[in-house]
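Please read the text beside the sequence and coordinates shown here.

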Amino acid sequence: MSEIVISGLSYTYPKAAKPSLQNVSLKIDSGAFAALAGLNGSGKTSLCLAIAGAVPHYYGGAMAGQVYTGEVKTTESGICEIANIVGLVLEDYESQLVTLTVEEEVAFGLENRGVEQSEINRRVKEALQMVGLSGKEKQQTAALSGGQKQRLAIASVLATKPQILVLDEPTSALDPEGASELYELLHRLNQDHKLTILVVEHDLSLALPFASQFILLADGSVEKAGSPAEVLQYMGSKQHYACSLPPLWQLKLGLEPEFSSFGDWKTDDEAANELIHCLEKLEAGKSA
Amino acid sequence: MLEFNNVSFSYHKNCPVVSDLSLTVNPGEYIAVVGRNGSGKTTLTRLIMSLVKPVKGTILFDGETTKKYAPADMARHIGYVFQNPSRQMFHDTAIEEVAFGPLQIGISKDDAIKQAKEALAKVGLNGYETAYPSGLSKGQKQRLAVASALSMAPRLLILDEPTSGQDQQDKALFLTLLDHLHQKGLAIILITHDMNILAEKVARTIVMCDGTKVYDGSTANLFQFHDVEKWGLKKPTAVTISHKLSPYGVSFSPTVDGLIAEFKANERGAVGV
């Protein structure tokens, strides 16, 4: 079943000279882990905002086409109703932290929904545990590191029990360790809690081990969508995307013209094992 | 050019952010500073710029202690580009933005505009003189911030995570600009989390961990001989695969292009070409 269905979506911000999204049609299945790629200005953030209903409900502007999240048509639903289905973590995640302490931050969205206090307490504890922030309930949000603030923003949306989690460039402020930990967390949420994940990411090597779907946007339109391998093969065939390929696929596509076709590598280990096998075959051929 | 001797600094008593740090930066060097969030990288650059002063130890610039210098004095010699360039822009046009620094040190308006135009050309923003800085793309803003620094003719340029949030095309363009500036003799200190940039672009790397320097040397040696994960770093793909292929005769390379070349060379050897 498709969780997100977008058909013929075009959108222009108020006073903008040209549309940010043009005739976007797309399906993301329930339980998918989708990564959204494209150059700056290609429409990635606008698409995230449209899925979360902030476009057009908050930003206004001119929108054509349809966006369904779950069973809800975003143009016919209030932004609060959509927020119960879609959790959005903004690129500037600090701008969505509004309270003094960690536990107040996670409770904020639930209090606004009128959830009972005992249930709020339970969900705050659960959400902080999911993102590895247990024990920091009383800590001031301002005292958290960038990575911890990002995880707190995620906990705040997880507490509202969304079906879909949308994250806009979630690793831009993180060190390599923090970026890997965040993707491990998203993978757990996707696998164990069955959340549908959509993440905007410039560094596709981070999403590659976990993603089931890549979507490439260009000039506000979907240029290519499919399995990670399909999209990376496509990007590899276009000179202007050469530097956007994960290093793993730069290596694969750089070696394939002289060697047999390799598998659809997702991890360094997969690549190393296949290359070792290739070397062993060559050595065996030499010995024979 | 720049020398840290046993420098320590703390924002709060008994909570050191930088401890007993010694290092030198020579004219024209291209150095990366890496480490976990909170390891002291940004504080290191704030110490260089005299935005904060050492609690212990000395910092020398051209042999003179920087204790007596204000940030404005250091800004005449050292350019600083923030991670978020929007935070250092407050004019209505790109040319005004870039001319601001020269005007502050008493250069005539005509000369300041001339210097600003030259700086914009150096970063590939000629034709953008009247552009509104906030309307530029992330990559363009970052280059505008570099132009503002260059307009003061610095000898050292410090950049704090300049490529974060940029797409790969803008990133490649920006790194080519830094290569070009380095070839012209500018010393560069680049703070980055991007291990591929490190492996492909920068010869010397300083690793910070818990406020101290734990490695200072060749980037290739860092990845070839050290367990970088313990410092919160990640091995680039080429390094991980290189290590696994080395028992099979493939020579080490920290870059993808290098690894492709080594793999092909090994294969030619194997089949006796």
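In this predicted model, helix H4 (residues 102-112) of chain A packs against helix H6 (residues 146-158) of chain A at an angle of about 35°, and their axes lie 7 Å apart. The crossing in which H4(A) passes H6(A) is right-handed. On the H4(A) side the contact is made by Val102(A), Glu105(A), Val106(A), Phe108(A) and Gly109(A), while H6(A) contributes Leu152(A), Ala155(A) and Ser156(A). Sorted by class, the residues in the contact of H4(A) with H6(A) are five nonpolar, two polar and one charged.

Elsewhere in chain A, Leu204(A) has its place in helix H8 (residues 204-207). Leu204(A) counts as buried because 23 other C-beta atoms lie within 10 Å, where the cut-off for a buried residue is 20 or more. Leaving aside residues up to four places away in sequence, Leu204(A) touches Ala35(A), Ala37(A) and Pro246(A). Leu204(A) and Leu36(A), although 168 residues apart in sequence, are 9.0 Å apart in space, taken from C-alpha to C-alpha.

Between the chains, the contact takes 35 residues from chain A and 37 residues from chain B.

The residues of the side of chain B that touches chain A comprise 14 nonpolar, 15 polar and eight charged.

Terms used:
Residues numbered from 1 in each chain as written. Chains lettered and ligands numbered in written order. Predicted model: local features only at pLDDT ≥ 70, side-chain atom pairs only at ≥ 80, totals over all residues. Contact = placed C-beta atoms within 7 Å. Nonpolar A, V, L, I, M, F, W, Y, C, P; charged D, E, K, R; others polar. Helix = DSSP H or I, 4+ residues; strand = E, 2+ residues; numbered from the N terminus. Buried ≥ 20, exposed ≤ 12 C-beta atoms within 10 Å, placed from the backbone. Axes fitted to C-alpha atoms, helices over the stretch in contact; angles between N-to-C directions. Left-handed = near helix turned anticlockwise from the far one by under 90°.
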